[in-house]
Amino acid sequence: MNQHKISVRIYYEDTDMSGIVYHANYLKFFERGRTEAFRQTGLGHADLLEMTPPLAFAARRISVEYIKPARIDDLLTVTSTVTEARGARMVFRQEIHKGDDLLATADALIACITLEGRPARLPKQVIEYHQTQIADDSN
């Protein structure tokens, strides 16, 4: 399945003075989810930097909907699903849950770039992995 899940515990540092997760921290949780989902392809960010030319990922667009607040000590699940991987981009659909409660969603367009900031094709291994997973999900 083209879906990856990680657990995130909410610490004091993640919250504002009321004990509710500060809105910008959801972006960090979504980033962790995308990073771990990317590792499923067999590559990590360090591997991208060792390629010729060295590559990296940059967020081109992220849309977040905040539904319910997370609070200190909550254990959350971040689910990341790649819905498209082609050319120089990957599209992710992400959700954060606390148990059965949906707390936030994100749609992220992630670009593959050179270290000079120019678009670069996704590595073949990444495209093949996600195309296989997306095809399996549609069957």
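# Briefing: buried rings, strands and loops

F29 has a relative accessibility of 0% and therefore counts as buried. The model that holds this residue is predicted. The protein has 3 helices and 5 strands, and along the sequence these follow the pattern β-α-α-β-β-β-β-α.

**Overall shape and surface**

- The C-alpha atoms of the protein fill a box of roughly 45 × 40 × 20 Å along the principal axes.
- Of the 139 residues in the protein, 41% are buried.
- Among contacts with a separation of 6 or more, 67% are between residues 24 or more positions apart.
- The accessible surface of the protein comes to about 8,000 Å², and carbon and sulfur atoms account for 50% of that area.

**Aromatic rings**

- A search of the whole structure finds 3 aromatic pairs.
- One of them joins Y26 and F29, with 6.1 Å from centre to centre and 65 degrees between the planes, an edge-to-face arrangement.
- Y26 and F29 both belong to helix α1 (residues 25–39); because they are 3 residues apart there, about one helical turn separates them.
- Y26 has a relative accessible area of 3%, so this residue is buried.
- The rings of F38 and F57 also form a pair: the centres are 4.9 Å apart and the planes stand at 85 degrees, so this pair is edge-to-face.
- F38 lies in helix α1, whereas F57 lies in strand β2 (residues 55–66), so their pairing ties together parts that are 19 residues apart in sequence.
- F38 and F57 are both buried.
- Y26 and F29 also share one aromatic cluster with Y66.

- T81 sits in strand β3, which covers residues 75–86.
- The relative accessibility of T81 is 18%; buried means under 20%, so T81 counts as buried.
- Apart from neighbours within four places in sequence, T81 contacts N2, Q3, V91, F92 and R93.
- T114 is in strand β5, which covers residues 101–114.
- With a relative accessible area of 11%, T114 is likewise buried.
- Again leaving aside neighbours within four places in sequence, the contacts of T114 are P53, P54, L55 and A120.

**A cis peptide bond at P53**

- P53 is one of the residues in contact with T114, and P53 itself lies in the loop between α2 (45–49) and β2.
- The peptide bond that joins T52 and P53 is cis, with omega at about -5 degrees.
- Most peptide bonds are trans, and most residues other than glycine have a negative phi.

**A positive phi at D73**

- D73 is a residue other than glycine with a positive phi, near 75 degrees.
- The place of D73 is in the loop between β2 and β3.
- Is D73 buried or exposed? Its relative accessible area is 55%, so D73 is exposed.

- G42 is found in the loop between α1 and α2.
- G42 has a relative accessible area of 54%; exposed means over 50%, so G42 is exposed.
- Which residues does G42 contact, leaving aside neighbours within four places in sequence? They are D47 and Q125.
- G42 and Q125 are 83 residues apart in sequence, and their C-alpha atoms are 8.1 Å apart in space.

Note on methods. Residues numbered from 1 in each chain as written. Predicted model: local features only at pLDDT ≥ 70, side-chain atom pairs only at ≥ 80, totals over all residues. Heavy atoms only, no water. Helix = DSSP H or I, 4+ residues; strand = E, 2+ residues; numbered from the N terminus. Buried < 20%, exposed > 50% of the residue type's maximum accessible area, 1.4 Å probe, protein only. Contact = heavy atoms within 4.5 Å. Areas by Shrake-Rupley, 256 points an atom, 1.4 Å probe, with all protein chains shown as cover. Phe/Tyr/Trp six-rings, centres within 6.5 Å; stacked < 30°, edge-to-face > 60°.
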